[in-house]
Each structure stands twice: as structure tokens, then as C-alpha cells.
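Look at the model below before reading on.

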Amino acid sequence: MDVSITLTHYLVLSAILFAIGVYGVLTRRNAIALLMGVELMLNAVNINLVAMNRFLQPDWRIVTGQIFAGFIIVLAAAEAAVGFALVIAIYRNLDRINVDEVNILKW
Amino acid sequence: MGEAIAFWILSALIVVAALGVVTLRNLFHCALCLGLVLFGVAGIFVLNGAEFLAGVQVLIYVGATLVIILFAVMLSENITGERIRVVSYNRPLGLLAALGFLGVVLFLAVSQTSLPPHTSSVKDPSLQVLTDVPNNIAAFGTLLLTKFIVPFEFASIFLLVAMIGAIVVARMAE
Amino acid sequence: MTLMELCRSVAQWLGVPAEYRDAATLILLALADAFILFNFVMLSVLVLIYVFRKLIGFIQARLGPRYTGPRGILQTVADALKLLTKEDIIPLAADKVTFNLAPLIVFLPALLVYVVIPFGDPKSGLQVRDLNIGILYIAAITSITVIGIVTAGWASGNKWAVLGAMRSGAQLLSYEVPMTLAFLVPVLLAGSLRLSDIVNSQGEWFWQWNAFRLDYLGLTFIAFLVYFICALAETNQTPFDLPEAESELVAGYHVEYSGMKFAIFFLAEFGNTIAISAIATHLFLGGWKAPAPFLPDTGWWSLFWFFAKVSTLVFLIIWIRGTYPRVRIDQVMELGWKFLLPVGLLCVTGVGLLVAVRP
């Protein structure tokens, strides 16, 4: 195989993954499926950051991109915890988790 | 050449599994496909020399976040066993938005042939501590606790707040 | 002839063109390593099940298996044949794809964790891959088991299975946190996540192993106990085997599994038992090192010492299984969060402070 993997390959992969996440968020109305689309987008960004750290930073010891990706993983975990706790609480009170139908503050 | 084979296999896995996440009708199957995507991303991290981050990705994303998702799926369906069916609405509009975004980004990614390399080097005063780290983990840890100590502490407080918030929100009503 | 040379000669014999020969050698080496590990896990589980049943019998003042083969040695083979020939029942309400997939997701971590465990001195080639992130890899891989158990419970389409799976998942998740904290203590002492570095950082005499070090005020021994208890909970061993006891929730998450799939769950459990004993010996008991410097511990002797220590820990686990009653699920949660987590934090903080202030 004469074409070696360059930064463009990783950027294209990350863009495709992000686009799939966008499609998931826009078309799904179930709250859990929507949050899964958000997770896809966050992972796409992580691939981007780590690939750029590898190709644009010649010194392997400076891992700023990886640290940024690490913080994104941590924040995504926290956001998932709170988001799914909200989903469980909404389900317990309203018996449904379709985000189109949960649209009034008081009933 | 090994990297090329690994890259294509992992990319195929990630893209197919991601399509499974957004199109499958059984919510649990979507969650398991998300697990495959997360594994593929961990593999991409290993390919790019971020081995510590790959371990962290599996430990946190697959070992904790995916389990939260599975628990949420199990707790939000009737215990009598009817499976949740997720249906996609607005499919043409979603497809248009996603493909439009993809077109723009691909055009930018392919046309931009050279991005300027980073200029920071180990001779900078804030990066001096990195002069003799043996491997990627040591570099990650050193940088995290010297240059990025403030975001690190903030992330700890943030996790504590998120944990307390999730417990309060998901608690049974008194 | 080492394994690498054997694979290279096989690649040559297969007629692989010269520029792909290195890649072919690596692929063959990986396949050979996987074959060896798989066989090791299967054979050791075979032996372990027999030893387990005999020992439990002796603890309970009875004789255990006696009739299949001399002294009942072939009992496990008979059990395996029985399970293989049983009818494979899939309930109507079960989700076929995930029902069949769940035992594999539970078995995979039990096999994958052996990749980083050295069976002896790595310089003698007794470790598959000495990864930089050894301990982190182990923690990450063992957290995949939770997904398999939750999937197994959900896919059975059975209320009791779902409840049992959620209980088991909660137990496994709760005990991962103190286990990771207990992992951190040897990592702090060795300054590296690599298993070979951690073993090499322990001394030659047995009182210099991590568990018995007195210059850290016994905190490492407490960390060893915390790790051991958490590992028992992680592998669903007594006294934490609530999720799979037959008298609780009708055997919990694997109530609907019969035949070979049930066998895979038990293979995974016993494989995990040996794996956690192996990890505990490397982290706290000096790995493949002999108890005294004048005893030989290079090459094949390191294999002997490693197996001696692992067997001791496995014997301890079986002894505990025969002695203690089961713990209730709320007691399990309380123990994990209210006792083991603060103790683990205390160990890590104390050892960290001592490492920092010592020259």
C-alpha cells in the first residue's frame, strides 16, 4: 500500500463520525438515543485532537492535545451521568422520554 | 503498513457501528453499537501514540458511561419486557443537515494541504519538566500536574458537583 | 528456539514475500500467543474446578468427587461433556442476538486480562506483552464484564434476570472504585504502571514485598486486604456471590442460560479468579520472586514461584468460599461505599505522603 496514513485521513474519519452524530441528534426523539448521538460527536472531536497532536507536534513528549481530549472524556462522563439521571427522573414522573412530548413545565 | 491496515479496519468498525447507533430500532442494540464505536476510538488513540488515553477511554467511556446508558435503558422501559422502539423522525432534514456539514468539512480538510506545525518545544520554561520523561504516560501525567493543574483541579470539583447533582436528581421522591 | 524464531521460520515456509515477512511473523506470533493463553486458561480452569470441589468437600467434612476416574480426577471432563450435550434453550421473549452475545462479552475480559500478566520473568519470555499501561489495561478490561452481565440479564427477557443483573452490575461498579484505589498503592511505590516494573520494585526478601513492607506503616498491607476483598466482589465470589446464588432471585442474571453458554459464564468466573490472584501476587506479593535472595528465581524457577503464590491465593479464596455466608445486597453496597472507599483513600493518601516526604 503506497499511501500512508496522513492527518487528512483522521480528519475525514472524525468528520464522518461527527456527521453521523449530527444525524442521530436531529432525527431521534428518544432522549437516550439523542444523548448517544452527542457521545458520538464528542468522540469525533477526541479523534481530531489526538490526531492533530501527533501530526503537528513533532516532539512526542508534548501531549497537550491528548490532555485536552482527556478533559473532554471526563466532562462527557459527567454530562452523561447528569443527563441520564434526568432521563430516569423524567421517566419516573411522566412515563415517557420522547423529547417532543416533554414540553410543558407544569401539568 | 501495519498502521494502514489497522486504520482501515478501525475506521470501518467505527463508521458501521456509528451508523448502527443512529439507525437501529432497538435501543439496547444502539447502546451496544455505541460500545463498539468507543472501542474503535480507543484503537485510533493507540495508533496515534496516546496509549494512556486509550486505557482511560475504555475504563471511563466503556466501563462507566456505557453502563450508565445501559442502566438508563433498563430503567426506562416497562419491566414486563416490552422493548423500547425508537423511531426516526424528520429523516430527510436530518440527512440534509448531516451531509451538508460533512460536505463543508471534507472540502476544508482536503483542500488545506499544510497546517502550520506547533512551535512550542521542550525548551520553553513551562515545558522544561518534560525533558526526561520515559514514555507517554509520564509525559501525560507530568504535563497534567504542572502546566494544567488548574483545569485538573477544576475537573475534580466539576465531577464532584455532577455526582451530587445526579444523585439528587435520580433519587426516589420522599 | 524462541517463539519468535519459530514464527519467522513458519512464515518463510509458507512462502510469504520478503517485504511482508515481518508483518506475517508478528501476526503468527500473535496467533500463537493467543492459542497458548487460551489453552492455559482452559486447562487451568479444568484443574481448578476439580481442586475446588475436592477442597469444598473436605471443608464441609465430606469427600467430594470420587468415582469418575481415580480419586475423581475426571469429574470436570464429565461435567464439560454433560454441559456440551445439554439442549440449548432460548426463551421466546429473549432477544436472540444479544442473548447469544452476552456470554462472549463476559468471557472476553477473563481471557484478555492474561495478555499483560507475566507468568514468570519477562526476560525469559514468559509474558505476552509488557504494556506501558499494564495496570490501567487490567482495570479497563475488567470493567467490560459489567456490560456483559447487564446484557445477559436484559437479553433473557425475564424480570428476575433483569433485577439480578442490575444488582450484580451495581455491585461490580461499586467495588471498582476501591479496587482502583488499592491498585494505585503499588503503582505509587514503583513509579510506573508496568507490571514488570512493579514486581522489580519489590525487594528480594519476603518482608520486602509490597504487602509486608513495614516502612510504610502497614498501609500497604491494608491496601492488599482492600484489593483482595474488592477482587472477590468483582468476580462474584463468596461472600459476594449474591448475583449468582441459586436461592436468590432464581440464580440472577444467568437463570435462562443452559448448556454451553452457562459453561462459558463459569469458565469466565474461574478464569477471573485465577487472574485476580495473579494480579494480587504481582502487585503485593512479589510476583515471580523467591522469598529469599539465595533461592533461584530466574527462567523456569520464576514460573514455579509465581504458581506457588497464585495457588496459595486461590486456596485462600476457596477456603473463604467454604467458610463464610453470603452478604446481603444492601450490606454489600454499604461495605463498598462506606468502608472500603474511605480506607482505600486513606491508604493512597498515606502512601503518597510517605513517598513524597521520603528522600
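## An exposed residue

This is a predicted model. Val168(B) has 11 other C-beta atoms within 10 Å, so Val168(B) is exposed. The cut-off for exposed is 12 or fewer.

Where does Val168(B) lie? Val168(B) is part of helix α6 of chain B. Now take Ala98(B), which is 70 residues from Val168(B) along the chain. The C-alpha atoms of these two residues are separated by 36 Å.

## A covered helix

Helix α1 of chain A runs over residues 7-27. This helix has 21 residues. From its first C-alpha to its last, α1(A) reaches 30 Å. That is close to the 30 Å expected at 1.5 Å a residue.

Is α1(A) mostly covered or mostly open? Mostly covered: 17 of the 21 residues of α1(A) are buried.

## Chains A and B

There are 2 pairs of chains in contact. Which pair shares the most contacts? The answer is chains A and B. Their contact takes 62 residues from chain A and 78 residues from chain B.

On the chain B side, six stretches each give two or more residues: α1 (2-23), α2 (27-47), α3 (51-75), α4 (91-111), α5 (136-146) and α6 (149-170). Sorted by class, that side of chain B has 62 nonpolar, 14 polar and 2 charged residues.

## Chain C and its partner

Chains B and C touch too: 22 residues of chain B are in contact with 22 residues of chain C. On the side of chain B that touches chain C, α2, α3 and α5 of chain B give two or more residues. Which of them gives the most? It is α3(B), with 12 residues. This side of chain B divides into 14 nonpolar, 7 polar and 1 charged residues.

Chains A and C are another matter. No contact joins chain A and chain C. Their closest C-alpha atoms lie 11 Å apart.

## The largest nonpolar core

How many residues does the largest nonpolar core have? This core has 180 residues. Those with the most contacts inside the core are Ile32(A), Ala31(B), Ile69(B) and Tyr227(C). The largest share of the core comes from α3(B), which gives 17 residues.

Take Ala31(B) as an example. Set aside its neighbours within four places in sequence. Ala31(B) is then in contact with Leu66(B), Ile69(B), Leu70(B) and Val73(B), and also with Met36(A).

Methods: Residues are numbered from 1 along each chain as its sequence is written. Chains are lettered from A and ligands numbered from 1 in the order in which they are written. This is a predicted model: local features need pLDDT of at least 70, side-chain atom pairs count only at pLDDT 80 or more; totals for chains, interfaces and linings use all residues. Two residues are in contact if their C-beta atoms, placed from the backbone, lie within 7 Å. Helices (H or I, at least four residues) and strands (E, at least two) are DSSP runs, numbered from the N terminus. Ala, Val, Leu, Ile, Met, Phe, Trp, Tyr, Cys and Pro count as nonpolar, Asp, Glu, Lys and Arg as charged, and the others, Gly among them, as polar. A nonpolar core is a set of buried Ala, Val, Leu, Ile, Met, Phe, Trp, Tyr and Cys residues joined through C-beta atoms within 7 Å. A residue is buried if 20 or more other C-beta atoms lie within 10 Å of its own, exposed if 12 or fewer, and partly exposed in between; C-beta atoms are placed from the backbone. The expected span of a helix is 1.5 Å times one less than its number of residues.
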